[in-house]
Amino acid sequence: MSSPTDETLRERLRALAEVPVASIEQLEEKVVERFTGRRRRRRLAASTSAAAVVLAGAGIITLVPTDTSPERRAENATGGPADDTKFESAERSVTSTRSSSSSPPSVSATSISVQRIEIRAGVDGGEDLTFVFDGAVPDERVTFAPDVSEIEAPGIAYAVQDPSGISVCANSHSDLGAGMQSGSVDILIPSDWWTPDAPVHDVPYAWDPPVDSLPDDVDSPGKIIGCGPYNGYVQYSILSPSSDDPEDVRVSVTGEANRLLVRIRP
Amino acid sequence: MRRRSRAQTKTHGSGVLQDVRLDLANIQLRGFFSSDYQRVLGAVTLLTGSRPAAEDAVHEALARAWERSLKTEHDSIEHLDRWVLTVALNVARSRWRKLRRETLQRDVAAIPEAYANDSMSMDLRQAIRDLPDRQREVIVLHYVIDMSVEEVADLLGLSPGGVKHALFRARHSLANVITKEEVV
């Protein structure tokens, strides 16, 4: 038998793809539900962060100065949308902050910059990225920003963007969706904290294990773009992470307040 | 697709749903539903092997298109069908990957059930599902959406040569199935 022609294959595949669909009104209802659900989740995430900032400002969040182990100090104070159950129980136990002030970031005595970015791929199906600073951050609170272009945070913020449109400082990339399965996780560091003239680009990566040795079925983030200062922040966009769902992302300050851990768990 | 200002979305109110419908009309979703929806949904159904998963991905893409239209001042989506297809593909891949991971942890044998479509019992459907992801995407985009090799390459971030190679391999696999059907 001869091989089927292109036309035969086209006809067969198109016949398979003919699926019955609901009425336009019913479809509208479904998309309306989806759209309002997305907005509701974003508003909830924003209000959760705002409420936590208020609590921190009122001194309600407990400081635990006697226990300074990384595991105990890791949790961020302002919270975020991530589902705790995906993350280690030890990291859920305590909320602590170095500063209980909710005032906006001010010029700090200690300027910082990113020395390197450590990347661990294939951790529980996701990845860990650690931004290592050359000094302690002035405020350990980390805030989820529902909109990367409208940030209200007392210190470091993070956001997520889907691949349909990724804002990297002044640039908006809508053509990055080609081949990308997720958009970005964005880290925003107050530019007031940043050491003047410290390089934002060309920060070395440290892979563990080496990226070349990763199995094919292990996700690894794509490029990390650094830019700014722009609109008050230095931005690092982690492109093509294992997830751009805010519920899958947790960001916290660890170590001697000189490390920012980004955990992504799809 | 034209953008409405945030202020506009809050007016005309006799309820959120009414405002929402005005937006829906404004971003030409009705046009998409009547002219492109079935084709895009059919393609994503073939790609995922599941009608519910495809609907989920396409509706998520449409919600994102709508959200984008409210967020971006001057940016517009020139080809809503291609845009929705691209985003739906990304969503489907991401969710399929997540489901596969979760399912693998529970029961490897449950994978086909989890993403099965009741009507997907034909040999050709099974052959499409058995194709490697890249070959399946290439052949569906080329034959169902009618995209050229260059357009498929652009959408998937591949070289045209890579697309041709994947097309050749997929065509060969599916040809065997069709040939068997013709013999029967």
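**Bridges, rings and a buried serine**

Trainee: What is the relative accessible area of A:Arg259, and does that make this residue buried, exposed or partly exposed?

Mentor: Buried means under 20% relative accessible area, exposed means over 50%, and partly exposed lies in between, using a 1.4 Å probe and protein chains only. The relative accessible area of A:Arg259 is 24%, so this residue is partly exposed.

Trainee: What should I know about the model and its numbering before we go on?

Mentor: This is a predicted model, where local features need pLDDT of at least 70 and side-chain atom pairs count only at pLDDT 80 or more, while totals for chains, interfaces and linings use all residues. Residues are numbered from 1 along each chain as its sequence is written, chains are lettered from A and ligands numbered from 1 in the order in which they are written, and side-chain values use heavy atoms, leaving out hydrogens and water.

Trainee: Which residue forms a salt bridge with A:Arg259?

Mentor: A salt bridge needs a side-chain nitrogen of Lys or Arg within 4 Å of a carboxyl oxygen of Asp or Glu. Here the closest N and O atoms are 2.6 Å apart, and the partner of A:Arg259 is A:Glu118.

Trainee: How many residues apart are A:Glu118 and A:Arg259?

Mentor: Helices (H or I, at least four residues) and strands (E, at least two) are DSSP runs, numbered from the N terminus. A:Glu118 sits in strand E1 (residues 114–123) of chain A, and A:Arg259 in strand E12 (residues 259–264) of chain A. The pair therefore links distant parts of the chain, with a separation of 141 residues.

Trainee: In chain B, how far apart in sequence are the parts tied together by B:Asp81 and B:Arg39?

Mentor: The two side chains meet in a salt bridge, at 3.5 Å from N to O. B:Asp81 belongs to helix H6 (residues 80–106) of chain B and B:Arg39 to helix H4 (residues 37–48) of chain B, so the parts they tie together are separated in sequence by 42 residues.

Trainee: Why are B:Glu55 and B:Arg51 about one helical turn apart?

Mentor: B:Glu55 and B:Arg51 form a salt bridge, with their closest N and O atoms 3.1 Å apart. Both lie in helix H5 (residues 51–71) of chain B, and they are about one helical turn apart because their separation is 4 residues.

Trainee: Now for aromatic rings: what kind of pair do A:Trp194 and A:Tyr236 make?

Mentor: Rings of Phe, Tyr and Trp (its six-membered ring) pair if their centres lie within 6.5 Å, and planes under 30 degrees apart count as stacked, over 60 as edge-to-face and the rest as tilted. The count is 6 aromatic pairs over all chains. In this one, the centres are 6.5 Å apart and the planes meet at 50 degrees, so the pair is tilted.

Trainee: Are A:Trp194 and A:Tyr236 buried or exposed?

Mentor: A:Trp194 has 6% relative accessibility. A:Tyr236 has 2% relative accessibility. So these residues both count as buried.

Trainee: Last one: which side chain makes a polar contact with the side chain of A:Ser184?

Mentor: A:Ser184 lies in strand E7 of chain A and is buried, with a relative accessible area of 0%. A polar contact is a pair of N or O atoms within 3.5 Å; within protein, one must be able to donate a hydrogen and the other to accept it, and residues adjacent in sequence count only if both atoms are side-chain atoms. At 2.9 Å, the partner is A:Asp186.
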